[in-house]
Amino acid sequence: AAGSQGGSVARALLESKKFAVRAVTRNVTQPKALVLQELGAEVVKGDLNDKASVEAALQDAYGVFLVTNYWEHHSKEEEVSQRKQWKERKKRGKLVADVTKRLGVKHVVFSGLENVKRLTGGKLVVEHFDRKGEVEEYFWSIGVPMTSIHLAAYFENFLTLWKPKKASDGDYYTVALPMGDIPMDGISVADIGAVVSRIFDSPEEFLGKAMGLSAEALTVQQYADVLSKILGKDIRDAKITLEAYEKLGFPGAEEMANMFRFYQMKPARDVKLTHRLNPEVKSFSQFVSENKEALMGI
């Protein structure tokens with residue numbers, strides 16, 4: 001519950017006042033956990049490696065929101081052991097599935113992603129999608145009453161990894177995302193909570209369904225145009241190719257390039273449904289306006 005998705009969901013559920021909220025976190029004294037406690041959540045310590053801990057956290061729960069994180073490590077040293085860690089996280093996801101089934105939880109909302117490797121017959125491997133996809137498939141296979149959500153790219157990435165960079169040959173900035181002219185779906189992670197809250201409110205409509213969420217889909221040039229207009233700087237599409245992107249050399253560059261290859265295949269993301277479930281979902285323009293200060297330092 002102290003993560004970006006989990007925190008958004010916990011706050012939205014607390015705001016709706018339709019459910020009592022038990023917020024599970026590894027560190028109950030961290031500031032984000034204390035804020036949730038102040039808002040009325042029951043904050044409990046949970047360890048997804050420990051079956052007894054998971055059972056205690058889920059005891060008597062009507063519903064569960066679950067998200068697993070596959071991007072905890074970025075350094076070269078940690079990247080070496082990443083595969084082992086992914087396997088561990090997959091095991092944790094399956095443990096939660098088994099416990100929810102055994103305890104008779106009525107509604108799980110799982111934040112998953114597509115199993116790209118399976119969908120493309122092994123042509124593309126996007127580990128952080130595939131592992132979530134495998135866990136999601138396991139939930140479905142054992143008959144857990146579930147809704148799965150597949151999120152578009154986070155707008156928040158433009159504050160960090162995708163932040164515009166100063167061009168070496170002039171007084172302008174570039175956004176380097178290898179999408180060509182194909183629109184890429186995006187959403188602010190802060191807007192996920194209200195959507196999930198509505199899903200829990202309407203089990204008759206959403207149980208048994210997988211749904212893609214997106215605030216809007218823009219081309220890289222359109223993302224750059226929004227940034228230019230609001231920040232008052234000349235920001236352009238770098239027009240980087242997939243091949244050039246995977247050679248950028250940062251940890252996970254090749255996997256990210258494969259993710260963009262998959263995005264070019266236009267996975268199902270439903271803008272209309274997302275806006276119906278959260279009428280206040282932010283456009284990219286609204287998101288940039290709200291985060292102008294964080295972007296002015298580019």
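Q: Is His128 buried or exposed in this predicted model?
A: His128 is found in helix H7. Its relative accessible area is 7%. Buried means under 20%. Because 7% is the relative accessible area of His128, the residue counts as buried.

Q: Which residue's side chain does the side chain of His128 join in a polar contact of 2.6 Å?
A: A polar contact needs a pair of N or O atoms within 3.5 Å. The side chain of His128 has such a contact, at 2.6 Å. The partner is Glu255.

Q: What is the relative accessible area of Arg131, and is the residue buried or exposed?
A: Arg131 has its place in helix H7, residues 127–141. The cut-off for buried is under 20% relative accessible area. Arg131 is buried, with a value of 11%.

Q: How many Å apart in space are Arg131 and Lys90, C-alpha to C-alpha?
A: Along the sequence, Arg131 and Lys90 are 41 residues apart. In space, the C-alpha to C-alpha value for this pair is 6.4 Å.

Q: Where does Tyr173 lie, and is it buried or exposed?
A: Tyr173 lies in strand E8, which covers residues 173–175. Its relative accessibility is 9%. Under 20% is the cut-off for buried, so Tyr173 at 9% counts as buried.

Q: Which residues is Tyr173 in contact with, leaving aside its neighbours within four places in sequence?
A: Contact requires heavy atoms within 4.5 Å. Tyr173 has such contacts with Pro164, Lys165, Lys166 and Ala167, among others. The list also includes Lys233, Asp234, Ile235, Arg236 and Ile298.

Q: What separation in Å do the C-alpha atoms of Tyr173 and Lys32 have?
A: Tyr173 and Lys32 are 141 residues apart along the chain. Their C-alpha atoms are separated by 34 Å.

How values were computed. Residues are numbered from 1 along each chain as its sequence is written. This is a predicted model: local features need pLDDT of at least 70, side-chain atom pairs count only at pLDDT 80 or more; totals for chains, interfaces and linings use all residues. Side-chain values use heavy atoms; hydrogens and water are left out. Helices (H or I, at least four residues) and strands (E, at least two) are DSSP runs, numbered from the N terminus. Buried means under 20% relative accessible area, exposed over 50%, partly exposed in between (1.4 Å probe, protein chains only). A polar contact is a pair of N or O atoms within 3.5 Å; within protein, one must be able to donate a hydrogen and the other to accept it, and residues adjacent in sequence count only if both atoms are side-chain atoms.
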